[in-house]
Amino acid sequence: MGIAETIPGGSGGTIACITGIYERLLESIGSFGLPAIQLWRTEGFAAFWEKIDGNFLLRLFAGMVLGILLGVFGMSYLLTNFPLPVWGFFFGLIAASAVYVGSKVGGWSLPTILILLLTAALAYWVDIASPAQGCHSLWYVFLCGVIAISALMLPGLSGSFMLLRLGMYQFILHRTLKEGVLEQHDLGAVVTLGVFGLGCAVGVLTFARVLSWLFEHHRDLTMAGLTGFMLGSLNKVWPWQEVLETRINSKGEEQVLFSNSVSPSSFGQLTDNFFYGNDAHLLPVIVLMVIGFVTIFVVEKSGDSNSSAS
């Protein structure tokens with residue numbers, strides 16, 4: 001989940017869904033609040049820890065922190081040097097995830113189909129919408145934390161991609177986390193990251209309760225909506241992109257700002273296509289798409305086994 005969230009277009013929520021921990025995660029996060037704190041005061045920390053499923057959360061978030069660090073330093077290298085095969089792999093992952101989550105809908109009807117179409121359209125719109133300019137004020141950093149963590153909890157939407165759309169991806173992940181905190185140990189960067197983390201905490205505690213309520217009272221509609229989010233996000237991870245516009249980042253490096261999905265044959269006819277070039281790498285991309293697709297069902301079987309064991 002941590003690695004997925006460092007990649008614009010990747011979704012930690014998708015990983016949680018296919019590994020069978022999604023609803024458990026929502027219930028665990030949603031259990032935070034005054035009742036849990038009162039339980040701590042009356043019955044001690046052990047009772048509080050059990051109520052919030054603390055061991056599960058501790059293992060999960062420790063893995064996410066490691067994944068974020070690996071993603072920040074490792075995925076940037078892979079995406080820079082092997083962009084098409086990497087995106088092919090993630091396309092296969094998300095496509096299979098949509099099939100898997102859609103199969104969990106108890107019965108398809110007009111309402112579930114409409115929800116599917118609406119959420120797919122919303123995810124697609126988020127993909128093609130023009131990014132904001134961003135703002136480094138702490139109030140905006142806090143708001144970005146709330147929005148990004150809410151997106152993280154929805155399969156098919158990415159917290160890092162929402163940061164990109166809000167104009168804050170480079171500032172939060174690279175200038176603040178990677179350069180400011182991890183490399184330069186800058187106090188101002190620590191404060192900024194702390195405010196962003198506070199926004200994430202507020203967002204996750206609020207949104208988890210909303211999603212848990214939806215699962216409890218409108219399960220089929222919720223699963224259909226999650227399927228739509230994943231289907232709508234496939235355009236973002238389509239490997240063959242024609243770059244339409246670029247931007248200069250804080251290091252003076254040129255980066256892709258807007259791109260358009262094209263067919264492999266059209267991709268091969270492009271000229272001066274920044275970053276992606278025009279070599280479709282058709283065979284390795286298709287192979288990795290298939291590997292990504294199959295991986296989901298392998299992970300699904302593992303998740304089902306873990307759920308049965310618990």
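Predicted model: local features only at pLDDT ≥ 70, side-chain atom pairs only at ≥ 80, totals over all residues.
Buried here means under 20% relative accessible area, exposed means over 50%, and partly exposed is whatever falls in between, with a 1.4 Å probe and protein chains only. Residues are numbered from 1 along each chain as its sequence is written, and side-chain values use heavy atoms, leaving out hydrogens and water.

**Two loop residues with positive phi**

Phe 275 sits in the loop between α14 (264-268) and α15 (282-309). The phi of Phe 275 is near 70°, a positive value in a residue other than glycine. Asp 53 also has a positive phi without being glycine, near 55°. Its place is the loop between α5 (45-51) and α6, and Asp 53 is partly exposed, with a relative accessible area of 22%.

**How the helices pack**

Now for the helix pairs. Axes are lines fitted to C-alpha atoms, for helices over the stretch in contact, and the angles run from 0 to 180 degrees between N-to-C directions. Contact means heavy atoms within 4.5 Å.

| Helix pair | Angle | Axis separation |
|---|---|---|
| α7 and α13 | about 165° | 9 Å apart |
| α3 and α6 | about 110° | 10 Å apart |
| α6 and α7 | roughly 115° | within 5 Å |

To put words to such angles: under 35 degrees counts as roughly parallel, over 145 as roughly antiparallel, 65 to 115 as roughly perpendicular, and the rest as oblique.

Take α6 and α7, whose axes come within 5 Å and cross at roughly 115°. That angle makes α6 roughly perpendicular to α7. On the α6 side the contact is made by Met 75, Leu 78, Leu 79, Thr 80 and Asn 81, and on the α7 side by Pro 83, Val 86, Trp 87 and Phe 90. Sorted by class, this contact has 7 nonpolar, 2 polar and no charged residues. The classes go like this: Ala, Val, Leu, Ile, Met, Phe, Trp, Tyr, Cys and Pro are nonpolar, Asp, Glu, Lys and Arg are charged, and the others, Gly among them, are polar.

Helix α7 (residues 83-102) itself has 20 residues and reaches 28 Å from its first C-alpha to its last, close to the 28 Å expected at 1.5 Å a residue. The expected span is 1.5 Å times one less than the number of residues. It's mostly covered, too: 18 of the 20 residues of α7 are buried.

The other partner of interest is helix α13 (residues 219-232), which packs against α7 at an angle of about 165°. So α7 is roughly antiparallel to α13. Ile 94, Ser 97, Ala 98, Val 101 and Gly 102 of α7 meet Met 223, Leu 226, Thr 227, Met 230 and Leu 231 of α13. That contact has 7 nonpolar, 3 polar and no charged residues.

Setting aside residues up to four places away in sequence, Thr 227 touches Ala 98, Val 101, Gly 102 and Leu 116.

**Around Leu 25**

Helix α3 (residues 22-30) holds Leu 25, and α3 packs against helix α6 (residues 54-81) at about 110°. The two are therefore roughly perpendicular to each other. Arg 24, Leu 25, Ser 28 and Ile 29 in α3 meet Phe 56, Leu 57, Leu 60 and Phe 61 in α6, which by class gives 6 nonpolar, 1 polar and 1 charged residues.

Leu 25 is buried, at a relative accessible area of 8%. Apart from neighbours within four places in sequence, Leu 25 is in contact with Met 1, Phe 56, Leu 57 and Leu 60.

**And Thr 176**

Last stop: Thr 176 in helix α11 (residues 169-183). With a relative accessible area of 3%, Thr 176 is buried. Not counting residues up to four places away in sequence, Thr 176 touches Phe 171, Val 181, Ala 189, Thr 192 and Leu 193.

Terms used. Helix = DSSP H or I, 4+ residues; strand = E, 2+ residues; numbered from the N terminus.
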